[in-house]
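These are my notes from looking through one protein model. I wrote down what I looked up and what I found.

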Amino acid sequence: MRTPREIREEIEARFGFFPPFFAPAEDDARVLENLWRQSLLAYVDNPLPALFREKLFAWLSRYCAVPYCIVCHSCALRPMGLRASEVLALLESLPPPHGAIDEALARMEAGHEGLEDWPAPGSALEEDLFRWSAFLFVHQARAERCRERVRRLLGPVRYDHLIVFLAYVKTCLLWVETHPELSYEADRRAQEHLGPLLQEEPRLRAFFAGYTERVRQEREAREREEREAARAGERAEALSRTLSRRTEALRESEAQLRLALESAALGTWDFNPLTGELRWDARCDALFGLPMGAPVDYPTFLASVVPEERERVDASVARALAPGGDGEYREEFRIQRFQDGMERWIASRGQCFFDAQGHAVRFIGTVADVTERRRAEDNLRFLAQASVVLATSLDYEDTLRRVATLVVPVLADWCGVDVVDEQGRVHRLINVHRDPEKMRLSEELHRRYPIQSDASSGVPRVLRTGEPELIPEVTDEGLVRYARDAEHLRLMRELGLRSYLTVALRSRGRVLGALTLVRAETGRRYGQEELRLAEDLARRAAVSVDNALLYREAQKAIGLREGFLQVAAHELRTPVTALKLNVQTLVSGARRGEAWSERTVSRLTGLERGVGRLGVLVDELLDVSRITSGRLVLRPEELDLAELIREVAGRFRPEAERAGCILHVRVPGPVVSRWDRLRLEQVLSNLLSNALKYGAGQPVEVALSTSGERVHLQVRDEGIGIEPAVQARIFERFERAVSDRHYGGLGLGLWITREIVTAMGGTLHVESVPGQGATFMVALPRG
């Protein structure tokens, strides 16, 4: 690779000096070499006429926010014979259209020879070519027809030179914008020619002074027009507004409109309501499947509309033509193309014009093929429906069956779902067909010819690789190759398979099964769009299946856990009960004065409390098992709740004394109804136990009141209280208001209490302020 100095010497030898344009790259040999080679190929040695090149370069530089390019190429026009006023006119406006390219092409098509030499400088043809080159530069995405016409006019060689030059201009502008430090005052051409230009035409100074702001305004104007066109939703309508705003440039606007219509794939039509004459362009012929130039009229158009939408479209046209209306016409409808019968979605927009008497005199508009958009919208709706179906059940077999029913007949005439069982075997889970007879035939086919796991195509290959399989058109030759025997081939032919695809049901890196879609009666073929839709559906279905399987496993694990808890609790209950009786016997003997030391009696008493607590935990485990399995049984009996509260509170007084709590019991006279005594004792015991635990050293109150057909039980302590964020979840399993490092327990007591109260038809809730205690309130129905 050459050094930067060697490249610089070559540039200086060619230009006579080193243009500042190359200065930002003069220390980087690779970049400098690249810039210089591009300049040689596209600019210095480009055989395009130098004057045309410099004029086009100067005007296109208006699309660069940095003034360097436009100044240096404007001053280069002076040595080529342009006066300063001509340079200013060139910079300030795009040359007007002359239609000279169309005329030259018409002469070529009439048999005259093509363009031999470059058009004469300043000629209408060169000016028209100049304008079209600017269009190629600025609107590349919409310039396909423009490119074709310029290529025909210039021939492939000159056209290639022009395209290379336009690409070089764009590269230069990008280079200059990334190097705003470039200064045209350092360019020798600017030094030699800009001063005389400014003296000859002082208004050029004002042009250059406001150049950056001008570029900004032009860019903002273009962006604003594009945003307005996007909001309007139709480029044709935006161009129509431009046409009405710029009536003084009608021919130019019409040319732009033609280019935009062709770029947007819009066909145009023109209907005369007075004569019934209908004219439409070649794109309309292509959209509706008619030979180019075939005679058409309104009945021809209406005949192409599918029968179920024909009346609506005809009524919409009649409304647009009706006197006194706004004449606006907008419809989307389906057609059947005349040549091949293919169904397409068409968006048609039109405007009717009326004379002074209100009679419709002209009706013009556009049509566009919006089939892909409508299909995309239909696909989104379909996936939304499928997602709803997939989210409604955790029975994955039922869910997949409903999805398959949704798929048929929207996406397929036949849908099959194959899954892999725990032993790795493949079996057909779902089989849905739009035709009951074909359904029976497909089931017979699958029964007589089950899936071969080692097959090199179809479902087995998709299950092995996870990759989809798409056969856009099922041919008879393909069926012959796939058939295992003559009967197999007969059954497949009878099913009438036309197009086929299979995608994997994959989740978390595992292939759970395969979804197969087949088209037969409808005759439509599957393509990449349908494959992407099927893969999206399969992903959602696989996640649903995976979730259902995980749920099933979780339920099985929960069942095993509940069974274990029940067995463990029952097994623990017998030795705990025996231990409790033995400890109680020892404690009773010690208290009667047997030869036990005071320390031993104290330890035995502590042991008795520990065994009692162990019994409570075992009972809680049993209650968890009963509640979660739905086996919590209530045994109501005639009961005085006031008396029961006094009795339970009496049993808790020794514990209250140990906790340093004064236990207050405030209950009225008898409150009699039918309740489950044991379960109410459990509710009271749990609430009092919690109150003494968390309110140690403070008073605890138990109160009972009645209101109509309900009784209200309150247990209040003045202890540590409960944070508001915790109050909503303390009634759940294994939830706690505080750390178990300071307060023991399994976190089951309040949950069991709530479940018992709920089973009795009552309610349980808490009111608490941190640091000020808590009040648990139970409301129960009487009777």
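Predicted model: local features only at pLDDT ≥ 70, side-chain atom pairs only at ≥ 80, totals over all residues.

In which sense do strand E1 and E2 pair, and over how many bridges? I looked this up to begin with. Strand E1, residues 266-271, pairs with E2 in the antiparallel sense, over three bridges. I also noted one bridge by name: Asp270 has Arg279, in E2, as its partner.

E1 and E2 belong to an open sheet of five strands, in the order E2-E1-E5-E4-E3, with antiparallel pairing. Strand E2 (278-280) and strand E3 (328-336) stand at the edges; each has a single partner strand, so one side of each is left without a neighbour in the sheet. On average, neighbouring strands of this sheet are turned by 20° against each other, direction ignored. I reminded myself that strands of a sheet pair through backbone hydrogen bonds, either parallel or antiparallel.

**Entry: helices on the sheet**

Next I checked what lies on the sheet. Helix H16, residues 307-321, lies across E1, E3, strand E4 (343-354) and strand E5 (360-369). H16 runs at about 160° to E3. Helix H17, residues 371-390, packs on the sheet too and touches E3, E4 and E5. The direction of H17 makes about 120° with that of E4.

**Entry: aromatic pairs**

How many aromatic pairs does the structure hold? I found 20. A pair of aromatic rings is described by the distance of the centres and the angle of the planes. For Phe271 and Tyr298, the ring centres are 6.0 Å apart and the planes stand at 35°, so the pair is tilted. Phe271 lies in strand E1 and Tyr298 in helix H15 (residues 298-304), so this pair ties together parts that are 27 residues apart in sequence. Phe271 has a relative accessible area of 11% and is buried.

Tyr329 and Phe363 form an edge-to-face pair, at 5.7 Å centre to centre and 75° between the planes. Tyr329 is in strand E3 and Phe363 in strand E5, so the pair ties together parts 34 residues apart in sequence. Both Tyr329 and Phe363 are buried. Elsewhere I noted one aromatic cluster, formed by Phe15, Phe18, Phe21, Phe22, Trp36 and Trp175.

**Entry: a covered helix**

I looked at helix H3, residues 50-60, and found it mostly covered, with nine of its eleven residues buried. Among them are Arg53, Glu54 and Lys55, as well as Phe57 and Trp59. What covers the buried residues of H3 includes helix H2 (29-44), helix H4 (68-75) and helix H8 (144-178).

**Entry: cysteines**

I searched the whole structure for disulfides and found zero. Cys172 is in no disulfide, and the nearest cysteine sulfur, that of Cys69, is 5.7 Å away. A disulfide needs the two sulfur atoms within 2.5 Å. Is Cys172 buried or exposed? Cys172 has 3% relative accessibility, so it counts as buried. Cys415, at 0% relative accessibility, also counts as buried.

**Entry: the whole protein**

Last, I wrote down the totals. The protein has 28 helices and 17 strands. Of its 783 residues, 43% count as buried. The protein exposes about 40,600 Å², and carbon and sulfur atoms supply 52% of that area. Among contacts between residues at least 6 apart in sequence, 64% join residues at least 24 apart.

Definitions and conventions:
Residues numbered from 1 in each chain as written. Heavy atoms only, no water. Buried < 20%, exposed > 50% of the residue type's maximum accessible area, 1.4 Å probe, protein only. Pairing = 2+ DSSP bridges. Helix = DSSP H or I, 4+ residues; strand = E, 2+ residues; numbered from the N terminus. Axes fitted to C-alpha atoms, helices over the stretch in contact; angles between N-to-C directions. Contact = heavy atoms within 4.5 Å. Areas by Shrake-Rupley, 256 points an atom, 1.4 Å probe, with all protein chains shown as cover. Phe/Tyr/Trp six-rings, centres within 6.5 Å; stacked < 30°, edge-to-face > 60°.
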